[in-house]
Amino acid sequence: MGIRRTRALACTAVLAATLGVAGCKDTSLGADPTSSASSGAGTAATGGDPGATPSAAHGSALAAANALKVKGRAPKTGYSRDRFGPAWADVDHNHCDTRDDILQRDLTKKTYRAGTKDCVITGGTLADPYTGTRIVYKRGASKVDIDHAVALSDAWQKGAQQWSKDRREDFANDPLNLLAVDSSTNRRKSDGDTATWLPPNTSFRCSYVARQVAVKKKYGLSVTSAEQAAMRKVLNTCPKQPLPTG
């Protein structure tokens, strides 16, 4: 029958007789620690206690949020948009500005201005992540903004004022920190962080907060204690949410 099979049957018999349990786990079988049987989801991930906090998976957004530097918000003194360079510079030197790069990434059914080598986008459709609705994009009469997930002024107060101008310009044009979104919703967000604003589309909140965490980790920006607590609250509902890469 084999040693492992014998141990499993013996374990089952003892537990059934003494505890009324149908069986037990044979740890010699090497169960995958990432499987649903071993790590679980919902109450299984917290030992059956629905009020417990799920443990952060290695490499997850939750683990990264837990590791962010916590510090008070610095004054906004000295902040202006031009501290982060000209709006929508061509930092990747592909002959398209950053705004069109993000529209290219986030829109479908795109149309282009003739003679621009499919660079200047004149129309398209956005599946807006902030509201969960579809928006028709039309250049010059747009209801679409390009949002900085981590607002520039928020970054300024949490470390960016110490950076060089070139680093601030890279930050302002980094696709990791940019999303095409509904303009009116974006303007209601203003420069809020996770503690003060979340997308009304609740199904997008894990992805949104993971993006903010990824940006703050990449650039070494701090978070306030309230901000980190808000990040954890969202990411505790999706402890295996990965960090985005672009």
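Mentor: Let us begin with a term: two residues are in contact when heavy atoms of theirs lie within 4.5 Å. Please keep in mind that the model is predicted.

With that cut-off, consider Leu235. Not counting residues up to four places away in sequence, Leu235 touches Ala61, Leu62, Ala65, Cys206, Val209, Ala210, Val213 and Gln241. Leu235 belongs to the largest nonpolar core, a set of 20 residues. Within this core, the members that touch the most other members are Tyr130, Tyr208, Val209, Val213, Met231 and Leu235.

Helix α7 gives the largest share, with five residues. Apart from this core lies another one, made of 14 residues, including Val150, Ala155, Ala214 and Leu221.

For the surroundings, turn to the open sheet, in which three strands follow the order β1-β2-β3 with antiparallel pairing. Its edge strands, β1 (107-112) and β3 (134-138), each pair on one side only. From one strand to the next, the twist averages 10°. Strand β2 (residues 121-127) is joined to β3 by five bridges in the antiparallel sense, and Gly124 stands opposite Tyr137 in β3. Helix α3 (residues 98-106) packs on this sheet and touches β1, β2 and β3; the direction of α3 makes about 130° with that of β1.

Notes
Residues numbered from 1 in each chain as written. Predicted model: local features only at pLDDT ≥ 70, side-chain atom pairs only at ≥ 80, totals over all residues. Heavy atoms only, no water. Core = buried A, V, L, I, M, F, W, Y, C linked by side-chain atoms within 4.5 Å. Buried < 20%, exposed > 50% of the residue type's maximum accessible area, 1.4 Å probe, protein only. Helix = DSSP H or I, 4+ residues; strand = E, 2+ residues; numbered from the N terminus. Pairing = 2+ DSSP bridges. Axes fitted to C-alpha atoms, helices over the stretch in contact; angles between N-to-C directions.
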